[in-house]
Amino acid sequence: MWSWIVKFFQSLSLAIVIFFIVTAVFDSPKEKALKREKEELLAQYNLLDNQINRLDKVLKDLENRDDNIYRVIFETEPIDATIRRAGSGGSNKYEEIKNMDNAEIIINTSKKLDELTKAMYIQSRSYDAIEHLAKNKMDMLASIPAILPVSLSNKAVRFSSSFGYRIHPIYKTVKLHSGMDFSGPIGTPIYATGNGKIISASTHRGYGKCIEIDHGFNYKTVYAHLDKYNVRVGQKVKRGDIIGYMGNTGRSTGPHIHYEVRKNNIPVDPINYYSSDLSAEEYDKLVWEANNNGQTMD
């Protein structure tokens, strides 16, 4: 009897030992399924991590173009790297993940995704700003004075006096001639040299009938000694619009147009702004005439 009991417990002990050995060495179907699921999840995370890295590379290229090309063209400062790639939240944000299996790869991937999301938002806002700058640049290019106030294709029109200190034809003293003069027949069309708004169309002492245009971007132009107006105060004009007609009003020694460009309300030499309607040869000829002319008509 006792021998049978001893054999029973020996067999039971051996069965238990074998069970633990088998379970330690071989996985159960459920464990195999869980391991496969874990491996698939890790593979998915690795794929996601690789995709994030590729997207991050593309975004960095866009950021580089934004800072070193687009913002240079539109004369604005690049976005600081600390703003572009700032962190998103503290370490507590990933606290719940720390106790998970393979927490390190999950946390690293989550951090990369958060940083990429924020960087994409910053880049999107930057492109909005660039679009606004581009629109302003186009407006500025259309507004800055860039053509002659008269057409030199009209053989009766000629350049008569340049910007600078000259002997005044009436007072016979040296004074600053704050613009350029073009002579021609009374009634010769006068053109707006850039887009803008008429802020004055009235008679001024010395200038006679005079038009002033505010072009924005700190630029104004003045057209003096007119015979007639073709605009009214408050009217918006575009470059090339006829705003008036050449005359001989005010202190003038003959029919002509006195044309001024003012930047920040200070007269500057208009010859530096004829960029749109003169060939290189025509411009060189005008510069030569300006440097060899000492007489004004007003």
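Q: Which residues does Tyr283 touch, not counting residues up to four places away in sequence?
A: In this predicted model, Tyr283 has its place in helix α5. The C-alpha atoms of Tyr283 and Ile271, which are 12 residues apart along the chain, are separated by 8.6 Å. With residues up to four places away in sequence left out, the residues that Tyr283 touches are Ile271, Asn272, Tyr274 and Leu278.

Q: Does Tyr283 count as buried, partly exposed or exposed?
A: A residue is called buried under 20% relative accessible area and exposed over 50%, with partly exposed in between. The relative accessibility of Tyr283 is 25%, so Tyr283 counts as partly exposed.

Q: Which element gives the most to the lining of the largest pocket?
A: The lining of the largest pocket consists of 17 residues, and those nearest its centre are Leu152, Ser153, Val157, Arg158 and Lys285. At least two lining residues come from each of β1 (158–161) and α5 (280–291). With four residues, the element that gives the most is α5.

Q: How many charged residues does the lining of the largest pocket have?
A: The largest pocket holds about 390 Å³ of space. Divided by class, its lining has nine nonpolar residues and two polar ones, while the number of charged residues is six.

Q: What is the geometry of the pair formed by the rings of Tyr219 and Tyr273?
A: The structure holds three aromatic pairs. In the one formed by Tyr219 and Tyr273, the ring centres are 5.7 Å apart and the planes stand at 75°. Planes over 60 degrees apart count as edge-to-face, and the pair of Tyr219 and Tyr273 is therefore edge-to-face.

Q: How many residues apart in sequence are the parts that the pair of Tyr219 and Tyr273 ties together?
A: Both partners are buried, Tyr219 as well as Tyr273. Tyr219 belongs to strand β8 (residues 219–229), whereas Tyr273 lies in the loop between β12 (266–268) and α5, so the parts tied together are separated in sequence by 54 residues.

Q: What is the geometry of the pair formed by the rings of Tyr223 and Tyr259?
A: The ring centres of Tyr223 and Tyr259 lie 5.4 Å apart, and their planes are at 45°. Since stacked pairs need planes under 30 degrees apart and edge-to-face pairs need planes over 60, the pair of Tyr223 and Tyr259 is tilted.

Q: Which strands hold Tyr223 and Tyr259?
A: Tyr223 and Tyr259 are both buried. Their pair links distant parts of the chain, 36 residues apart, with Tyr223 in strand β8 and Tyr259 in strand β11 (residues 256–263). The strands asked for are β8 and β11.

Q: What is the relative accessible area of Arg84?
A: Arg84 has its place in helix α3 (residues 81–84). Not counting residues up to four places away in sequence, Arg84 touches Glu63, Asp66, Asp67, Ile79, Ala119, Ile122, Gln123 and Ser126. Buried means under 20%, and Arg84 is buried because its relative accessible area is 4%.

Q: What is the phi of Asn264, and where is Asn264 found?
A: Most residues other than glycine have a negative phi. Asn264 has a positive phi of about 55° although it is not a glycine, and at 46% relative accessibility it counts as partly exposed. The value is about 55°, and the place of Asn264 is the loop between β11 and β12.

Q: What is the phi of Asn265?
A: Asn265 also has its place in the loop between β11 and β12. Its relative accessibility is 56%, so Asn265 counts as exposed. Asn265 is a residue other than glycine with a positive phi, and the value is near 65°.

Q: What distance separates the C-alpha atoms of Pro255 and Gly184?
A: Pro255 lies in the loop between β10 (242–246) and β11, and it counts as partly exposed at 29% relative accessibility. Pro255 and Gly184 are 71 residues apart along the chain, and the separation of their C-alpha atoms is 6.1 Å.

Q: What percentage of the residues of the chain count as buried?
A: The secondary structure of the chain comes to five helices and 12 strands. Its accessible surface is about 18,700 Å², of which 57% belongs to carbon and sulfur atoms. Of the 298 residues of the chain, the part that counts as buried is 33%.

Technical notes:
Residues numbered from 1 in each chain as written. Predicted model: local features only at pLDDT ≥ 70, side-chain atom pairs only at ≥ 80, totals over all residues. Heavy atoms only, no water. 1 Å grid on protein atoms, 1.4 Å probe; cavity = no way out; pocket = protein on both sides within 12 Å on 5 of 7 lines; lining within 4 Å. Points joined across faces, edges and corners; volume = space filled by probe spheres on them. Nonpolar A, V, L, I, M, F, W, Y, C, P; charged D, E, K, R; others polar. Buried < 20%, exposed > 50% of the residue type's maximum accessible area, 1.4 Å probe, protein only. Areas by Shrake-Rupley, 256 points an atom, 1.4 Å probe, with all protein chains shown as cover. Phe/Tyr/Trp six-rings, centres within 6.5 Å; stacked < 30°, edge-to-face > 60°. Contact = heavy atoms within 4.5 Å.
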